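Morning, everyone. Let me put the model on the screen, and then we will walk through it piece by piece.

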Amino acid sequence: MTAEQAEITQGRKFSGIWIIPILALVLGIYMVVDNLMNEGPEIEISFATANGLEQGKTKIKYRDVDMGLVQEVRLNDKFDGVIATAKLDRQALSLLREDTRFWVVTARIGVDNISGLDTLLSGAYIQMAPGSGETGYHHFKALDRPPQTPADAPGLRLILRTDRASSVSAGDAVLYKGFKVGRVESMTFRPSDKLVHYEIFIDAPYHELVNGAVRFWDSSGISMSAGANGFKIETGSMETILFGGVSFGVPEGVKDGDSVAANTAFTLYSSYAEILENPFKYGTYYVVSFSQSVKGLSPGAPVEFRGIQIGQVERIMLKEGQAMNMTKGVKGSGAPIPILIYIEPGRMELPDTESSIKLLKQAVTRGIEGGMRASMEDGNILTGAKYISVDFFPDAKPASEGVFLEYATIPTIETQLAQIVQNVGSILDTINALPLADTVAEANTALGSLNKSLQSLETIMENQSTQQLPVQLDKTLQGLRDAISSLSPNSEAYQSLNSSLLSLNRTLGNLESFTRTLSEQPNAAVLPSKQTPDPIPEVSN
Amino acid sequence: MTATAASRHLASCRICYKLADANLHKCPRCKAALHLRKLDSIQRTLALLITSCLLYIPANLYPIMITDQLGTSEGSTILGGVIILIHHDAVPIALVIFLFSVLVPLGKLMTLFYLVWTVKRHSPVSPRQRTVMYQITEFIGKWSMVDVFVVAILVALVHLGGVLSIRPGVAALCFAGLVVITMIAAERFDPRLIWDEMEEKDRDS
């Protein structure tokens, strides 16, 4: 019995069946370890609203590959936003960079496309766009709207600034010679500088067209003008007519500038015409001060160098001038008036770049030593408009470049015309000083007595006898006319008078010869005259 | 007490049920191995029970069914499904699923553990009651497969391409394994052992 029982206890040995639970355990441990190993990062993304987000359902995608799932959606501590906690795949770890962007993709009907239609059925998802910064970030702020351009797209991102919002809005096209080369990504208004900021992106390879000299202008809508040649309508592409757009280009006659870095700020002009008025970008300010009248000199007046426009008058710095005089203790109004002028090197065929300004400044400094002076000239005698002329006056008193506030100054000179005007002014002053008032008073009294004389003359004229004078005069004249008519050539009186006159004439002729004889021989009247023989003609040998 | 086959050292062939002397080691009729009791019954049952326990964890934690609906796939665990059903006011169905998919496997495992534990020890529960427990366990065990069947049928039927399709999850496999292994464990357990203890006691007394 004992032996048999020993056999039974043999069954207590370790059974092979234990392999099954061990296998299960190993598999279980493997699963757990695998799970832990593949445990992806947990990130928090803050949104403005939880629109489209559903915990446990909303996916995070990158290039349409599922990268994770939103685990939890909750309000933030301040209740002004939503924080979505998402679990990502381990693979996504290297994509979580400083500037990685997230945004919700939903169906969106845009200006030129409709996107995200697939989300109508599947629900919104979170799109991820890895940046290029450092990895290891777990808190992100989602974008309000999808970025127009992927972060790694080749091209150039620029900023346009303008002082008023035009019809350009986010999503509009950026055109170069009418061809779409980019788009407006965002539009923001900054209260700090009171400017509208547009962020635009220009796709490669067109970003090479952008250089320091290009100008951006609003090419939205239709520009219409009527002139002698009829109506003229200018438009961009159909898209820009409907939705607006931004064009850029180098203005005619302007040389290409330097290449620009990303996020360079440009000014957005309201039209191309505005650029044509002001085609240069770089310029520098100078101050010129004049003691003469600045009447007729208005902002925008040209600044010319020997007749070539090199800039314009920016403004008359009356306020600054006064402030300056106050500090300097100059009293009265005799101080010169400072005028701010803006000189553009591009107008002198220099490249429209920053370095040209330096060149220009050097030239001005040298020029002042050589007698370069600014003067105010009459541009238009009819309107009295004036301009600033810069020229060389070798005989000018030596002067040097000064400083007014933060601006350099160019010494000024009064031109001959201005001097003449001054002389004329002084002459007029002398005239003014004459006792004109007394003269006029005397003249007035003289005129008064003249008036009286005239009045008495009038009473005389009004007298009955005076008025009858013409009638009597008429009668007299009639008698006179009759008398004259009786003396007409056919009349007897005339004939007899005529013959009388003829005989009188003869008598007078005789009298004349008598008087001659009498003058030769005063005794002829008494004595007979001595007869002289008649001259005999002779023939000369 | 009447003498048992075991006390007379007689073993029943597990294949053809012929009663033969256990010392023969082989069934004189069908030549199958002859054992007085099921070989390593306790050990094997215990091992399988532990395996089942291990499977019970993923079976409940992982989704049993993955629903792909218009691009979004959503996994649902057994308990998650029960909760969803309750939310949809389908309490009876939720109860059935909870009973057969959660409570029954758990109860079965615990019952078997208890039976194995009490084979060689004194138990306040009488052998008869324990035998009834064993019978219930064995009977009810196969019904736990309801869940697996539901998943299997849904997977086979609901396959509408991208619009709606259902895939079995990891838990389905684990759950099926759990049920099968628990059934084998129950089968491996030799209920005669429950009574052996009592007989030994009788003999001792």
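Strands here are DSSP runs of E of at least two residues, helices are runs of H or I of at least four, and both are numbered from the N terminus. Two strands count as paired if DSSP finds at least two bridges between them. Axes are lines fitted to C-alpha atoms, for helices over the stretch in contact, and angles run from 0 to 180 degrees between N-to-C directions.

A word on the source. This is a predicted model: local features need pLDDT of at least 70, side-chain atom pairs count only at pLDDT 80 or more, and totals for chains, interfaces and linings use all residues. Residues are numbered from 1 along each chain as its sequence is written, while chains are lettered from A and ligands numbered from 1 in the order in which they are written.

Back to the strands. S10(A), residues 155-162, pairs with S13(A) in the antiparallel sense over 8 bridges. Within that pair, A:Arg157 stands opposite A:Phe201 of S13(A). S13(A), residues 195-203, also runs antiparallel to S12(A), again with 8 bridges. There A:Met187 faces A:Tyr198 of S13(A). S12(A) and S13(A) form a hairpin with 4 residues between the strands, and A:Lys194 has a positive phi near 55°.

Next along is S11(A), residues 173-176. A:Ala173 has A:Arg183 in S12(A) as its bridge partner. This is a hairpin too, with 2 residues between the strands; A:Lys177 in the turn has a positive phi of about 55°.

Now the loop between S10 and S11 of chain A, where A:Ser167 lies. Why does A:Ser167 count as partly exposed? Because it has 13 C-beta neighbours inside 10 Å. The cut-offs: 20 or more other C-beta atoms within 10 Å is buried, 12 or fewer is exposed, in between is partly exposed, with C-beta atoms placed from the backbone. Beyond its neighbours within four places in sequence, A:Ser167 is in contact with A:Ser220, A:Gly221 and A:Gly244. Contact means that the C-beta atoms, placed from the backbone, lie within 7 Å. A:Leu242 is 75 residues from A:Ser167 in sequence, yet the C-alpha to C-alpha distance is 9.9 Å.

Chain A overall. It has 11 helices and 26 strands. Of its 541 residues, 19% are buried. Among contacts with a separation of 6 or more, 67% are between residues 24 or more positions apart.

On to chain B and its helices. The axes of H3(B), residues 91-119, and H4(B), residues 127-141, come within 10 Å and cross at roughly 145°. The crossing is left-handed: the near helix is turned anticlockwise from the far one by less than a right angle, where clockwise would be right-handed. Residues making the contact include B:Val104, B:Leu112 and B:Leu115 of H3(B) and B:Met133, B:Tyr134 and B:Ile140 of H4(B). By class, the residues are 6 nonpolar, 4 polar and 2 charged. Ala, Val, Leu, Ile, Met, Phe, Trp, Tyr, Cys and Pro count as nonpolar; Asp, Glu, Lys and Arg as charged; the others, Gly among them, as polar.

H5(B), residues 146-157, packs on H6(B), residues 170-188, at about 145°, with the axes 9 Å apart. That crossing is left-handed as well. The contact joins B:Asp147, B:Val148 and B:Val151 of H5(B) to B:Ala172, B:Phe175, B:Ala176 and B:Val179 of H6(B). It has 6 nonpolar, no polar and 1 charged residues.

Which residues have the most contacts inside the largest nonpolar core? They are B:Leu49, B:Ala172 and B:Phe175, in a core of 34 residues. A core is a set of buried Ala, Val, Leu, Ile, Met, Phe, Trp, Tyr and Cys residues joined through C-beta atoms within 7 Å. H1, H2 (78-87), H3, H5 and H6 of chain B each supply at least two of its residues.

Last, the interface. 15 residues of chain B are in contact with 15 of chain A. On the chain B side, H1(B) gives the most, with 9 residues.

Methods: Two residues are in contact if their C-beta atoms, placed from the backbone, lie within 7 Å.
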